[in-house]
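Grab a pencil and work through these exercises one at a time. Try each task before you peek at the solution.

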Amino acid sequence: MTKVKSIEELTAMRERLRAGMAVRENGNHPEELPQVRVGMGECGVAAGAKDTMREFFAKLAERGVSGVVTQTGCMGHCDAEPTVEVEMPGCEPVMYGNVTPDVVDEIIDSHICHGEPVRRLVLTESVVGRNIKS
Amino acid sequence: MAHYHTYILTCGGTGCRASHSPQIVAALQQAVDDAGLSDEVKVIRTGCFGFCEQGPIVKVVPDNTFYVSVKPEDASEIVREHIVMGRKVERLLYISPETGKHVPDSRHMEFYKPQMRIALRNCGFIDPENIEEYIARDGYAALGKVLRMKPEDVIREIMASGLRGRGGGGFPTGLKWKITREVQADCKYVVCNADEGDPGAFMDRSILEGDPHSIVEAMAINGYCTGASKGLVYIRAEYPLAVHRLQVAIAQAREYGMLGDDIMGTGFSFDIEIRYGAGAFVCGEETALIHSMEGRRGEPTVKPPYPSECGYKGAPTNVNNVETFANIPPIILRGAEWFASIGTEKSKGTKVFALAGKVNNVGLIEVPMGTTLREVIFDIGGGIKNGKRFKAVQTGGPSGGCLTEKHLDTPIDYDNLLASGSMMGSGGMIVMDEDDCMVSVAKFYLEFTVEESCGKCTPCRIGNRRLLEILERITAGHGTEDDLKELKNLAAVIKDTSLCALGQTAPNPVLSTMENFWDEYVAHVRDKSCPAHRCRDLMSYYIDPKICKGCSLCSRVCPANAISGVLKQPYSIDQTACIKCGTCMDKCKFGAIGVR
């Protein structure tokens, strides 16, 4: 039975259902959240971008971090696929290359949670300086 | 378990359904299944997005890509390109009329930027037939909160919010609740007035289609506050989709224990029934509405007594409009102070408008009170169609008046619109351009009210018909200057003496067009000409002999054989035979045919 028998039950039900609404809710104000864009051109898909994207969903959910993960076309670094762009609120986006699923957690931990880009994976090193607004 | 990372939202409102949106939803789902993505991508049929001009709308979330004028055959391309490959389907993106470029997402559309969605908060966002999506967005949380408060405190909150009736009258909602509460009675009723009847208005329909649970929840809140245990929704039978969504919502609310006995274990019981209206405009008037629900003729009675004291079956009855109800849950959850911070001094919150007529972006919009007509028509509405000049906008439907260029920068609220000679009404907004004849516009609205008058009181039944006859005389070229005086006199009498608001406001379109476009009336009666070239009896097509080459094309296309002449010599039009269809003028390659 789905019948709600108390106000507490309704609250619990809402908390449970809210997770299913998070992607849509976050889409209403992406600029306030970390945004992750996964390059999903043919080159990216061939290099495993789909798995990378799934890993982002899984790890963000695991850590309970809100973020907006979207896919985009080829970002022009076909030699370093999968490519991923991470944009923190109020900051310039940072472009990463060779983002295989095993480095996803590191990017989330360092860049998204602590604001420190993972420099060894950044594709355009010269612009890193202005990427981070301290 | 499925973890959706992308949602494809497709409009399932009446307008987009007429353009095959159910087939689009099915085709999108098929394409998602075929791509093996049914555990990652969810296709949802929502309520109205508001951008009806270019429906059907398909929106991809979270990147907010906004596809317009989508056809069922576009579905596979959207999934293949956008969902699988991450490339937006450029050709289906909305094109900004200003830059001529594709707009990548809805957040960059001028149509949405000035809007603020409170009543429409869930429209175009959730599946209206899924109560769990509503609950996930704080649905029924306001009811839960209210059931732990004292009814008096809830009413005080609604009063403090400054919410006024959205059906047109603008009566303070909290005060109405208070009056109903204070009447002692064993049985009371809550009524939702969903008898939206203004030509060109579709605000209430869209709310019911896109977010029916918000109405169910607000009615239950109202029942708790006023002491009613029974709710009735009076909805016109010609809104079948809204009726269906409401039926589904009521059934789900009962299943989840949001309606019925002992709601959420609090001891409060409430249930809702639907009553169907046959589509009479007068039944939007609350006393006529109640009579109609009682199975009697839909005729109004004199107030007082107000329904709050003596309504349905003689019991105290709280009647509120759909949009008014839709505002209740957010006020409860976010507080009166928040709501009162939006809008103008005496009109708080937002207002939903159905923007229609000669405006580029026909659609459903919600803006804070105090937004100017210019912002609504030119920023959100994208200006006048075909680059024509703005002439007037009718607000308040057949009961309202027209506003002109000089009113464009007036902040929209109840009091400003009244002061400008119009009224808020329920939110229909019909835009007119330079080609519209204002006498004909007044005639159009009067034809509607004459048709819809219930006939109970003489001023409305006979007076308005006489008004219409005078307007018909004027547009036929038989008007006199005395007719203009008579229009004014008669209009004043009808306003003063009619029984209900239908009759009292019916002359408004005549009075406001006379006020703002007096010259046009004078031209009709004195010069026997229609400046906008709309009144057929007052216009004539002519061929300029200096330009005419005598090619004979006009005489060949004329359906009335009214044009004759000799080849290679100027042709002429027989005015007695001409039916004024304008075909000759459209076809002439030399611009030799004019109208005067």
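**Exercise 1.** Into which domains is chain B divided?

*Solution.* Start with the bounds: domain 1 (6–108), domain 2 (131–339), domain 3 (350–433), domain 4 (438–527) and domain 5 (540–595). These bounds come from an automatic or database domain assignment. Next, take C-alpha atoms: the centres of domain 1 and domain 4 of chain B lie 46 Å apart.

Some ground rules: this is a predicted model, where local features need pLDDT of at least 70, side-chain atom pairs count only at pLDDT 80 or more, and totals for chains, interfaces and linings use all residues. Residues are numbered from 1 along each chain as its sequence is written, chains are lettered from A and ligands numbered from 1 in the order in which they are written, and side-chain values use heavy atoms, with hydrogens and water left out.

**Exercise 2.** How many residues of chain A are in contact with chain B?

*Solution.* Counting contacts (heavy atoms within 4.5 Å), you get 36 residues of chain A against 39 of chain B.

**Exercise 3.** How many salt bridges link chain A and chain B, and which elements of chain A touch chain B with two or more residues?

*Solution.* First, the rule: a side-chain nitrogen of Lys or Arg sits within 4 Å of a carboxyl oxygen of Asp or Glu. That gives 8 salt bridges between the chains. One of them pairs B:Arg148 with A:Glu8, at 2.2 Å, N to O. Now the elements, with helices (H or I, at least four residues) and strands (E, at least two) being DSSP runs numbered from the N terminus: they're α1 (7–27), α3 (49–63) and β2 (68–72) of chain A. The largest share, 14 residues, comes from α1(A).
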